[in-house]
Structures are given as structure tokens and as C-alpha cells.
Amino acid sequence: LVNPLYMYDLESTYRLLNPALSSKKVDAIVVFDDNGKIFHEAERKITSYGALFERTDVLNVVLTEQRDYSNETKLHYELATPIFLGDKLLGGLFLQFSLTSIHGDINNSRQLISDFTQLKLMQIQVITVVSVLFVCLMSLSLSVFLTRSITGPISDLVDHVKRMSQG
């Protein structure tokens, strides 16, 4: 018996897969049969048609264990899923997404947070300096006022004592 996957038109498969591959976030799409042979690579010219899909880890999970596969590396996030027609396993679909733009977004966010933190630290420093200067000026004013209020009566007393001593 022939795998029903091979009854589908390659051009139709390409048209179905092309919108996903046209996204800058998708690096690769591979459709493979139940023997692990490549059926389609989401390219108009399929150079690996019939060749064994090299990712044995994906083939093991999708074809042998018949469950979804996911893996994250530093540069890619990979997903694969079995393709069934009723209860019959036809093959699998492998998608590889680029994490480059996500890492770029994370780095941009880190830079924005760093810039924001620096700005807030500068604002805190300015507020602290202004507050310290204000407190110093208030302390100086209060000390001058208290000094005058204490020394004023003493000066008056000294003046009165001098006048009394002169007669």
C-alpha cells in the first residue's frame, strides 16, 4: 500500500506551507513520511525529496512514540508533530523558529530597563542633593535665629550692666 501522504500534490503542499515560511521567524519547515523520508521542505525546488530526515531525535519522538516534539536551543525553537489520517500515521511536520528576533527584543528591553534605571538613579541623586542643601540651609537659618535669640538678651543684659556701672 502507498502512504496517503504521497497522494497530495507537491505544489499544493508548497502553497500551504509557503505563508509560514515567508515569516522571518520561521527558519525551516519539513514534512516527512512515516519512514522518516522527506516529502516537502517548503521550497519550490525540493532537493531532498525522498532523503532521510537527518534529525533522528525528532523522528524517534514523532514516528516511534507518536507524540509532539519540542526543543529549544540558543538560536532556535523547534516543534514537530505527527500527521495522522484517522488512526494511520502518515508522517510528521517539523517547524524550526528563529529566536534571533526574540533575543534582540530581550536585549532591547534590557537596555531600556538599564536606561530607565540610570535615569531614576540620577533623579534620586538630584532629589537627595537638593534635599540635603535645603536641610542645611534650614539648619543654618535655625541656628542663626536661635543664636540671636539667645545672645540678644545676653547682649542687652551686658549693656544694662555697663550703664549701671557708669552710673
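How many of the 167 residues of the protein count as buried? The share comes to 25%, where buried means under 20% relative accessible area, exposed over 50% and partly exposed in between, worked out with a 1.4 Å probe on protein chains only. The model is a predicted one, so to speak of local features takes a pLDDT of at least 70 and side-chain atom pairs count only at pLDDT 80 or more, while totals for chains, interfaces and linings use all residues. Residues are numbered from 1 along each chain as its sequence is written, and side-chain values use heavy atoms, with hydrogens and water left out.

On to the overall layout. The protein has 3 helices and 5 strands, taken as DSSP runs numbered from the N terminus (helices, H or I, at least four residues; strands, E, at least two). Read from the N terminus, the order is α-β-β-α-β-β-β-α. With a radius of gyration of 40 Å, well over the 15 Å that the globule rule gives for 167 residues, the protein is more spread out than a compact globule; the radius is taken over C-alpha atoms, and the rule is 2.2 Å times the number of residues to the power 0.38. The C-alpha trace spans about 140 × 30 × 25 Å along its principal axes. Of the contacts (heavy atoms within 4.5 Å) with a separation of 6 or more, 45% come from residues 24 or more positions apart.

Next, helix H2. This helix covers residues 56-64, and its buried residues are Val58, Leu59, Val61, Val62 and Leu63. Their cover includes strands E1 (26-33), E3 (69-72), E4 and E5 (88-98). After H2 comes Gln66, which sits in the loop between H2 and E3. Gln66 is not a glycine, yet its phi is positive, at about 55 degrees. Most residues other than glycine have a negative phi. Gln66 is also partly exposed, with a relative accessible area of 41%.

Strand E4, part of the cover over H2, runs through residues 76-85 and includes His76. What does the side chain of His76 make a polar contact with? The partner is the side chain of Asp27, at 2.8 Å; a polar contact is a pair of N or O atoms within 3.5 Å, and within protein one must be able to donate a hydrogen and the other to accept it, with residues adjacent in sequence counting only if both atoms are side-chain atoms. Leaving aside residues up to four places away in sequence, His76 touches Asp27, Asn71, Gln96, Phe97, Ser98 and Leu99.
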